[in-house]
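Welcome to this short tour. Please open your viewer, and we will go from one selection to the next.

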Amino acid sequence: MLTACSSLFLARDKDGMITGDIPVTYASGMNVKASFNYATPIIGKPIQLTAPYYVEVRNDSLISYLPYFGRADYVPYGGGKALDFAVPILRIDITHNEKKQRDTYYIEVQTDEDYHFYELQLYSNGRASLDVRSRQRDLIRFEGYKE
């Protein structure tokens, strides 16, 4: 059995520039996108999504255009943005599982509202799944396909 693991910590200086020994392929060439057509809150039934919802890792940023269904401990006045944002990635770990034929991206980001942990799994058959954990909201899972 052969497995590979890669870990990348994106450190930023006071001006927001990336610092440290970061491979150029990750910092400037990473582009992964997955679209989702089902959402499953931790409590409740799966919900079919009709709009083109997606998540994209582009260079050192995460672009998330996803709905949120579920319980929230704290929500800003007006409802907030939930999982609709584009922010720099704080930390990313990438693993490859040869047996299950999938790549898993563990991504940590922070928005104005919350701290989010994305676990994106991309399978060799084109399927994609995403678990989103937040400090202020319940877990939600998305199912779809990679682009």
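**First stop: Thr-104**

Select Thr-104 and display what surrounds it: leaving out residues up to four places away in sequence, Thr-104 touches Asp-93, Ile-94, Thr-95, Glu-119, Leu-120 and Gln-121, where contact means heavy atoms within 4.5 Å. Thr-104 sits in strand β8, residues 102-110; strands are DSSP runs of E with at least two residues, helices are runs of H or I with at least four, and both are numbered from the N terminus. Thr-104 has 3% relative accessibility, so it counts as buried (under 20% relative accessible area; exposed is over 50%, partly exposed in between, with a 1.4 Å probe and protein chains only).

A word on the model: it is predicted, so local features need pLDDT of at least 70 and side-chain atom pairs pLDDT 80 or more, while totals for chains, interfaces and linings use all residues. Residues are numbered from 1 along each chain as its sequence is written, and side-chain values use heavy atoms, without hydrogens and water.

**Next stop: His-116**

Now select His-116, in strand β9 (residues 115-123). Is His-116 buried or exposed? His-116 is buried, at a relative accessible area of 1%. Beyond neighbours within four places in sequence, its contacts include Ala-82, Phe-85, Ile-107 and Arg-133. Show the side chain of Ser-134 too: a polar contact of 2.7 Å joins it to that of His-116 (a pair of N or O atoms within 3.5 Å, one able to donate a hydrogen and the other to accept it; residues adjacent in sequence count only if both atoms are side-chain atoms).

**Zoom out**

Finally, colour by secondary structure: the chain has one helix and 11 strands.
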